[in-house]
Amino acid sequence: MKKIILVLLVCLLALSAFGSDKSLTIYSKANINGQTVAPGEYKVAVDMKGATAEVKLIKEGKTVATATGQVVELQNVPKDTMLLYQANADGSRTVKEIQFINQKQAIRFLTDASAAGK
């Protein structure tokens, strides 16, 4: 019974961390879930489903990209919202992870290289 309560508490904490819309700036063209995203300011809507998160990048009220990611715990709480990228052989970049300011959880995406290893 205590394990169930603990699991529910952890899920609620993760949900509260991602429950509201966030914002971020993309400084150069990048790919997320196979979709190319232009530089600019975006709202990020996160919908938690267990240990996964459905992410929408929204610009000027329109969803421009969607992706499913895994919620992961960070060692350190970031002082800024940031994107971690994977450099691709063709010179493009793929979003690998989104870390939100002052939050211990991040959202990690499955990239083509990591998918190939599975």
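Q: How much of the contact in the chain comes from residues 24 or more positions apart, counting separations of 6 or more?
A: The model is predicted, so read each value as a property of that model. In the chain, residues 24 or more positions apart account for 40% of the contacts with a separation of 6 or more.

Q: Which elements make up the chain, and in what order do they run?
A: The chain has 2 helices and 9 strands. From the N terminus on, the order is α-β-β-β-β-β-β-β-β-β-α.

Q: What share of the residues is buried?
A: Buried means under 20% relative accessible area. Of the 118 residues in the chain, 35% are buried.

Q: Which side chain does Asp47 meet in a salt bridge?
A: Asp47 meets the side chain of Lys49, at 3.9 Å from N to O.

Q: Is Asp47 buried or partly exposed?
A: Asp47 counts as partly exposed, because its relative accessibility is 40%. Lys49 is partly exposed too, with a relative accessible area of 49%.

Q: Which side chain does Arg108 meet in a salt bridge?
A: Arg108 meets Glu97, at 2.6 Å from N to O. This pair links distant parts of the chain. Arg108 belongs to strand 9, residues 105-109, and Glu97 to strand 8, residues 93-99.

Q: How far apart are Arg108 and Glu97 in sequence and in space?
A: In sequence they are 11 residues apart. In space their C-alpha atoms are 4.3 Å apart. Their side chains also make a polar contact, at 2.6 Å.

Q: Is Glu97 buried or exposed?
A: Glu97 is buried, because its relative accessible area is 3%. Arg108 is partly exposed, with a value of 39%.

Q: What does Arg108 touch, leaving aside neighbours within four places in sequence?
A: Arg108 is in contact with Gly69, Gln70, Val72, Lys96 and Glu97.

Q: What does Gln99 touch, not counting residues up to four places away in sequence?
A: Gln99 touches Leu74, Pro78, Asp80, Thr81, Met82, Leu84 and Ala106.

Q: Where is Ala106, and is it buried or exposed?
A: Ala106 sits in strand 9. It counts as buried, because its relative accessibility is 0%.

Q: How far apart are Ala106 and Val72 in sequence and in space?
A: Ala106 and Val72 are 34 residues apart in sequence. From C-alpha to C-alpha, they are 5.3 Å apart in space.

Q: Where is Gln86 found, and is it buried or exposed?
A: Gln86 is found in strand 7, residues 82-87. Gln86 is buried, with a relative accessible area of 17%. Its side chain makes a polar contact with the side chain of Asn88, at 3.2 Å.

Q: How many aromatic pairs are there?
A: A pair of aromatic rings is described by the distance of the centres and the angle of the planes. In this chain the count comes to 0 aromatic pairs.

Q: What lies over the face of Tyr85?
A: Arg93 does, at 3.6 Å from the ring centre.

Q: What is the phi of Asn33?
A: Start with the background. Most residues other than glycine have a negative phi. Phi of Asn33 is near 55°, a positive value. Asn33 is in the loop between strand 2 (30-32) and strand 3 (35-37). Asn33 is exposed, with a relative accessible area of 53%.

Q: What is the phi of Glu60, and where is Glu60 found?
A: Phi of Glu60 is near 55°, a positive value in a residue other than glycine. Glu60 is found in the loop between strand 5 (52-59) and strand 6 (62-73). Glu60 counts as exposed, because its relative accessibility is 76%.

Notes. Residues are numbered from 1 along each chain as its sequence is written. This is a predicted model: local features need pLDDT of at least 70, side-chain atom pairs count only at pLDDT 80 or more; totals for chains, interfaces and linings use all residues. Side-chain values use heavy atoms; hydrogens and water are left out. A salt bridge is a side-chain nitrogen of Lys or Arg within 4 Å of a carboxyl oxygen of Asp or Glu. Buried means under 20% relative accessible area, exposed over 50%, partly exposed in between (1.4 Å probe, protein chains only). Helices (H or I, at least four residues) and strands (E, at least two) are DSSP runs, numbered from the N terminus. A polar contact is a pair of N or O atoms within 3.5 Å; within protein, one must be able to donate a hydrogen and the other to accept it, and residues adjacent in sequence count only if both atoms are side-chain atoms. Rings of Phe, Tyr and Trp (its six-membered ring) pair if their centres lie within 6.5 Å; planes under 30 degrees apart count as stacked, over 60 as edge-to-face and the rest as tilted. A charge sits over a ring if NZ of Lys or CZ of Arg is within 6 Å of the ring centre and within 35 degrees of the ring normal. Contact means heavy atoms within 4.5 Å.
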